[in-house]
Amino acid sequence: MTAIVDALIAAFRTIFHPKMIALVLWPMLIAAGGWLFLAIVFWHGWMLDLSGLLHAVVPASWLANSWVAGATTGLMWLILVILLIMAVHLTGLVITAIFGMPIMVEHIGKVYYPELEKRKGGTFAGSVRNTVIALAVYFILLIISLPFWLIAPLALILPPALTAYLNQRLFRYDALAEHASPEELEKMAGHASAPYFILGVIAGLVQFVPVLNLFLPVYMGLAFAHLCLGQLERVRARGD
């Protein structure tokens, strides 16, 4: 946990650098504006699709009860709002990972890890492949888990858990691509994976906090860069 706390504190300090401030708002503003437009246009259709899914998994006798029907309508609204927030966050993450992480890693490496050798094990093609795989697994898990979102406790647990997987998968590769060798990239994927997932869980929870979630993609990108480069430095120091 110490490494995670240190990474979060270091990211908080780093985010106020002028280069980082310039990266903070525009990915989330683009993502929020795009999804808000889609929600205005397609909200009714989304409600109908979710209602069809609900009727497929819930006994019709239950839905005949007016109280249950009203509660499920409210639950469908909640699910769509959660999905919309996740979509905005996901889009902001992808934009930040593709366009922002190289700038963040270069700055953090130069300021905080100047002695860490750049072995350039990652490539742009590798980053794209990692992003595609991460999104594919994320959406498969999302579709499989969607019926369970109708169970109130799971509707609060599943979104942060899914986002945690995506966060650590997206940012880990890009944070290490410039400094790690191909062998180190493979090793670090399994090395101390728990801290990566815990950091992803924190990001998954913060995405639902208004205002703070606007800063989240860049802040978490910085936190993952600090965590991953710090882990890589310690691994090399130990000679693992």
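This is a predicted model: local features need pLDDT of at least 70, side-chain atom pairs count only at pLDDT 80 or more; totals for chains, interfaces and linings use all residues.
Local features were considered at pLDDT of at least 70 and side-chain atom pairs at pLDDT 80 or more, while totals for chains, interfaces and linings use all residues. Residues are numbered from 1 along each chain as its sequence is written, and side-chain values use heavy atoms, without hydrogens or water.

Helix H9 covers residues 212-238; helices here are DSSP runs of H or I with at least four residues, numbered from the N terminus. Its 27 residues should span 39 Å at 1.5 Å a residue, and the 37 Å between its end C-alpha atoms agrees with this; the expected span is 1.5 Å times one less than the number of residues. Because 20 of its 27 residues are buried, H9 is largely enclosed by the rest of the structure; buried means under 20% relative accessible area and exposed over 50%, with partly exposed in between (1.4 Å probe, protein chains only).

Turning to helix H5, Phe 124 lies in this helix and is exposed, with a relative accessible area of 64%. Leu 50, in helix H2, is by contrast buried at 8%. Leaving aside residues up to four places away in sequence, Leu 50 touches Met 76, Ile 79 and Leu 80, where contact means heavy atoms within 4.5 Å. The C-alpha atoms of Leu 50 and Leu 146 are separated by 9.8 Å, although these residues are 96 residues apart along the chain.

Note on methods. Helices (H or I, at least four residues) and strands (E, at least two) are DSSP runs, numbered from the N terminus.
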